[in-house]
Amino acid sequence: MSNTRFARCLVVALVLAAGPVRAASDQVPAVLVDDFSYLDTSGEPVDQTAAHQRRLQDFVAGLRRDVAADARLRPVSPRCAPSCPSEASSDARLQMAAEAGATVVITGGVQKLSTLVQWARAAAIDVATRRVVFDKVFTFRGDSDEAWERAEIFVSRQVRDALSAPEPIRLALLPFELDDTSAGAALGESEADRKELQEATQTVRRVLAQSGRYRLMEPAGEPGQALRACDDCEARAARALGAQQSLLGIVRRIGRTEYVIGFRVRRADTGALVASGDSGLRLGANDSWSRGAARLVRERLLGSGDSER
């Protein structure tokens, strides 16, 4: 395959907007494994074109076998197989995939950088939305049949696991609240307090969104009634948004520079507690709340395995 085809393959993964690692359909993803391309920029004097073409074909054939053997995925082939035009545009190849009934296309390329080092780039594209749902570059050593086989096994597992990831949990992210037990509590929340609570909420929003585990559903408008002391308010707020769970963050201020950050996740249907955690006593001004909240959620929620739905 030509260098042009290789470059086009890599450009597709860069120019399309990145999305969640999930096909648009809620059904088993129908996956078409497109041809991969190859580019040798190692500068080696020996012409290895024939060997590379054979290994590339074996690599793609291995991917197709793995997809066919994976019960989480459904393989499809284009109508033109096995003689589809290799120089077709990206739009044309996606159209061929759509006509074959594919919801996801796996494509990519391999580039030989030196005698011992090669790159393999694999991308998965949602056919309906044309968004990249997986895009990763892998480095592997060696240019032998064994090296290529090891690379195919590793790349295949990564792509297939990503495409069969569970649907993100619909989570109502409720605004962080301040529970002020300090000597100055009678003064009420300052403008700076409200700003830092908003920043903590937004920072946690970014952390959760990047995890891919949650689909965030946030209340519209300004924060209203405090929820931390209301038995059923969190669950009711989540149900009103169509969420499966709610997350409420609380900053408990003990002194002007002493605080504890906590969170709790509840089921929307029953209000049952799913997960919770707190940072322990921390020292710092209110501008440190967002950093503490992000660290807490990463370690105690995202680092603790999947939550119950």
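Student: Which residues of helix α4 meet helix α2?
Tutor: The model is predicted: local features need pLDDT of at least 70, side-chain atom pairs count only at pLDDT 80 or more, and totals for chains, interfaces and linings use all residues. Residues are numbered from 1 along each chain as its sequence is written, and side-chain values use heavy atoms, with hydrogens and water left out. Helices (H or I, at least four residues) and strands (E, at least two) are DSSP runs numbered from the N terminus, and contact means heavy atoms within 4.5 Å. Arg54, Arg55, Leu56, Phe59, Gly62, Leu63, Asp66 and Val67 in α2 meet these residues of α4: Asp145, Trp148, Ala151, Glu152, Val155, Ser156 and Arg160.

Student: How many residues of this contact between α2 and α4 are charged?
Tutor: Asp, Glu, Lys and Arg count as charged; Ala, Val, Leu, Ile, Met, Phe, Trp, Tyr, Cys and Pro count as nonpolar; the others, Gly among them, are polar. The contact has 7 nonpolar and 2 polar residues, and the number of charged ones is 6.

Student: At what angle do the axes of α2 and α4 cross?
Tutor: Axes are lines fitted to C-alpha atoms, for helices over the stretch in contact, and angles run from 0 to 180 degrees between N-to-C directions. Helix α2 spans residues 49–69 and helix α4 residues 145–163. Their axes come within 9 Å, and the crossing angle is roughly 35°.

Student: Which strands stand at the edges of the sheet of 5 strands?
Tutor: Two strands pair if DSSP finds at least two bridges between them. The open sheet has the order β2-β1-β3-β4-β5, with mixed pairing. An edge strand has a single partner, so one side is left without a neighbour in the sheet; this applies to β2 (74–75) and β5 (132–141).

Student: What is the bridge partner of Gln118 in β5?
Tutor: Strand β4 (residues 117–126) and β5 run antiparallel and are joined by 9 bridges. In β5, the partner of Gln118 is Phe140.

Student: Why is strand β8 largely enclosed by the rest of the structure?
Tutor: Buried means under 20% relative accessible area, exposed over 50%, and partly exposed in between (1.4 Å probe, protein chains only). Strand β8 covers residues 245–255, 11 residues in total. It is largely enclosed because the number of these residues that are buried is 9.

Student: Which strand pairs with β8 in the antiparallel sense?
Tutor: Strand β6 (residues 169–180) pairs with β8 in the parallel sense over 8 bridges, and Leu248 in β8 is the partner of Leu174. The antiparallel pairing has 10 bridges, and a hairpin with 2 residues makes the join. The antiparallel partner, at residues 258–267, is β9.

Student: Which residue in the turn between β9 and β10 has a positive phi?
Tutor: Strand β10 (residues 273–278) pairs antiparallel with β9 over 5 bridges, and Arg266 stands opposite Leu273. The two strands form a hairpin with 5 residues between them. A phi of about 80° belongs to Gly271.

Student: What is the S to S distance in the disulfide of Cys230 and Cys233?
Tutor: A disulfide is a pair of cysteine sulfur atoms within 2.5 Å, and the count here comes to 1. Cys230 is buried at 18% relative accessible area, and Cys233 is buried at 5%. The link is right-handed, with 70° about the S-S bond. The S to S distance between Cys230 and Cys233 is 1.8 Å.
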